[in-house]
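I opened the model and went through it one point at a time. The entries below follow the order in which I looked things up.

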Amino acid sequence: MLRSESGGEQTYLTNVVAAWALAVADRVNERTAEVAEHGPSAAAVLTTLRFTPGLPMDRLAATVGLTGPGAVQLLNRLEAAGLVERVAGEDRRRRHPQLTTSGQAMVERVLAVRRSVVETAMAGMSAADRAAAGRAAEAMVLALSGTRMAADRICRLCDERACPDERCPSESALPPQQRMGTACP
């Protein structure tokens, strides 16, 4: 890739970071969709439910970028596949989605493939470069968070176990009253 003579180093770095982010996102979406067997939104729904079981339908739909009816249709497919079940809420009028044992196992496979994609993308980096990339990614996630919905969207495929509350840049970007008490949604 040639550097822009007129744009300077900052333009070049911005372009390379954007290309890298898109390439990783595309690969994560492709691979997690394959594993989840119902598309990239299914991987996001399953992972989100892993760490926030019983999430209200409107918030789940917004988190994964679906309309309400689209989320219901996807949950119907996931339920038919034995990955999700709907359980009665406290008021018994609403049924909240939760993962089945098979759904939990599917999430572990989704997270493993996500991790593999990122590890492959960073394979040629030294330990120092990996640490620097991690710090840069934290700063970028922090800059892009700031609202509950932004944090939820950013973390829709996160592995909460790898990102404890005290380190989660999405959560730390939120005002204290908006924090969930969990690392990522």
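**Entry 1: alanine 25**

In which helix is alanine 25 found? I found alanine 25 in helix H1. I took helices (H or I, at least four residues) and strands (E, at least two) as DSSP runs, numbered from the N terminus. Before going on I noted that this is a predicted model, in which local features need pLDDT of at least 70, side-chain atom pairs count only at pLDDT 80 or more, and totals for chains, interfaces and linings use all residues. Residues are numbered from 1 along each chain as its sequence is written, and side-chain values use heavy atoms, with hydrogens and water left out.

I looked up the exposure of alanine 25 and got a relative accessible area of 34%, so alanine 25 is partly exposed. The classes I used are buried for under 20% relative accessible area, exposed for over 50%, and partly exposed in between (1.4 Å probe, protein chains only). From alanine 25 to arginine 114 I read 9.6 Å, C-alpha to C-alpha, across 89 residues of sequence.

**Entry 2: arginine 27**

Arginine 27 also lies in H1. Its relative accessible area is 45%, so I put arginine 27 down as partly exposed.

**Entry 3: the overall layout**

I counted eight helices and two strands in the protein. Along the sequence they follow the pattern α-α-α-α-β-β-α-α-α-α. The C-alpha trace spans about 65 × 35 × 30 Å along its principal axes. Of the 185 residues, 33% count as buried. I then took contacts (heavy atoms within 4.5 Å). Among those with a separation of 6 or more, 56% join residues 24 or more positions apart.

**Entry 4: the largest nonpolar core**

A nonpolar core here is a set of buried Ala, Val, Leu, Ile, Met, Phe, Trp, Tyr and Cys residues joined through side-chain atoms within 4.5 Å. The largest one has 27 residues, and Val45, Leu46, Leu49, Leu75, Leu78, Val84 and Val110 have the most contacts inside it. Helices H1 (8–36), H2 (40–51), H3 (57–64), H4 (68–80) and H5 (101–121) each give two or more residues to this core. H2 gives the largest share, seven residues.

I checked leucine 49 in detail. Leaving out residues up to four places away in sequence, leucine 49 touches Gly54, Leu55, Leu60, Leu75, Val84, Pro97 and Leu99.

With a relative accessible area of 9%, phenylalanine 51 is buried.

Which residues of H3 are buried? I listed Leu60, Ala61, Thr63 and Val64. Seen down the axis of H3, these residues fall within an arc of 165° (taken from the directions from the helix axis to the C-beta atoms), so they line one face of the helix. They pack against H2, H4, strand E2 (95–99) and H7.

Just after H3, glycine 65 takes a positive phi of about 80°. Leucine 66 lies in the loop between H3 and H4. I read 25% relative accessibility for leucine 66, so leucine 66 counts as partly exposed. Leaving out residues up to four places away in sequence, leucine 66 touches Ser41, Ala61, Ala71 and Leu74. The C-alpha atoms of leucine 66 and serine 41 are separated by 7.9 Å, at 25 residues apart along the chain.

**Entry 5: glutamate 37**

Glutamate 37 is found in the loop between H1 and H2. Its phi is near 65°, a positive value in a residue other than glycine. At 60% relative accessibility, glutamate 37 counts as exposed.

**Entry 6: the largest pocket**

For pockets the search ran on a 1 Å grid over the protein atoms alone, with a 1.4 Å probe; a pocket is an open set of points with protein on both sides within 12 Å along at least five of seven lines, and lining residues have an atom within 4 Å of a point. The largest pocket has a volume of about 1,900 Å³, the volume being the space filled by probe spheres set on the points, which are joined across faces, edges and corners. Of its 43 lining residues, Trp20, Arg114, Val118, Ala137 and Val141 are the closest to its centre.

Which helix supplies the largest share of the lining? H6 does, with 13 residues.
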